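Hi everyone, thanks for coming. Please have a look at the structure on the screen, and then I'll walk you through a few of its details.

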Amino acid sequence: MKKYAYICKRKNSFGFFNLGDMAKYNIVKKKEKDAAYRSLVSPELMDELKEKILDVILIQKKYKDKNYSAKKLAEDLGTNTRYISAVVNVRFHMNYTSFVNKYRIEEAMALLTDKRYQDLNMEQISDMVGFSNRQSFYASFYKLNGCTPRDYKMQHLAMLPADALPPKKGKKKSSSKKKKK
């Protein structure tokens with residue numbers, strides 16, 4: 001099976017994307033482009049907007065809002081979408097959607113490994129972190145981690161001691177005995 005030539009960052013290791021998975025999760029080669037408007041934003045304004053963007057997206061957890069767009073962020077910060085785009089591109093080295101999805105995936109990773117949320121399905125997890133559909137969640141998760149959310153969860157469950165896992169749901173064994181009179 002052919003391997004994709006681009007290196008995929010995973011927690012503290014590197015691996016390769018499988019070509020079949022690339023198509024399956026709609027991952028394409030990133031194209032470098034130079035937008036002229038990036039140089040129109042002064043470094044001081046970029047630093048100021050960077051802090052404001054982090055405050056809104058990360059501290060206020062707006063990344064969990066499915067409908068929180070770059071346009072809405074620009075309105076909230078009293079600027080325009082070109083400035084938002086320029087700051088995110090230059091200071092975070094990604095586009096707005098990838099920036100927001102990064103925090104969603106980090107949150108999902110925490111939920112997937114938290115025993116309090118083990119009974120939730122992937123649809124529920126993706127909804128909790130702000131994805132509007134499961135396909136986008138899987139594609140973004142795979143792009144950042146090189147594995148599916150389910151695989152990630154299974155890998156981490158396998159590392160937990162058996163007594164750390166919540167009991168499986170099911171019918172309880174009946175231990176009531178008939179009383180004799």
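Let's start with E48, which forms a salt bridge with K52, the closest N and O atoms being 3.1 Å apart. By salt bridge I mean a side-chain nitrogen of Lys or Arg within 4 Å of a carboxyl oxygen of Asp or Glu. Before I go on, a word on the source: this is a predicted model, where local features need pLDDT of at least 70 and side-chain atom pairs count only at pLDDT 80 or more, while totals for chains, interfaces and linings use all residues. Residues are numbered from 1 along each chain as its sequence is written, and side-chain values use heavy atoms, with hydrogens and water left out.

Back to our pair. Both E48 and K52 sit in helix α2, residues 43-59, four residues apart, about one turn of the helix. Helices here are DSSP runs of H or I with at least four residues, strands are runs of E with at least two, and both are numbered from the N terminus.

E106 is partly exposed at 41%, and K102 is partly exposed at 28%. Elsewhere, salt bridges that share partners join K61, K64 and E107 into one network.

Let's look at one link in that network. K61 and E107 meet through their side chains in a salt bridge, 3.9 Å from N to O. K61 lies in the loop between α2 and α3 and E107 in helix α5, so the pair ties together parts that are 46 residues apart in sequence. In the whole model, the count comes to nine salt bridges.

Now for helix α6, residues 122-129. Which of its residues are buried? They are M122, I125, S126 and V129. Seen down the axis of α6, these buried residues fall within an arc of 95 degrees, so they line one face of the helix; the arc is that of the directions from the helix axis to the C-beta atoms.

What about the two ends of α6? N121 caps the N-terminal end, with a side-chain oxygen 3.0 Å from the backbone nitrogen of E123. After the helix comes G130, whose phi is positive, near 110 degrees.

Finally, the overall picture. The protein has eight helices and two strands, and along the sequence the pattern reads β-β-α-α-α-α-α-α-α-α. Of its 181 residues, 35% are buried. Among contacts between residues at least 6 apart in sequence, 58% join residues at least 24 apart.

Key:
Buried means under 20% relative accessible area, exposed over 50%, partly exposed in between (1.4 Å probe, protein chains only). A polar contact is a pair of N or O atoms within 3.5 Å; within protein, one must be able to donate a hydrogen and the other to accept it, and residues adjacent in sequence count only if both atoms are side-chain atoms. Contact means heavy atoms within 4.5 Å.
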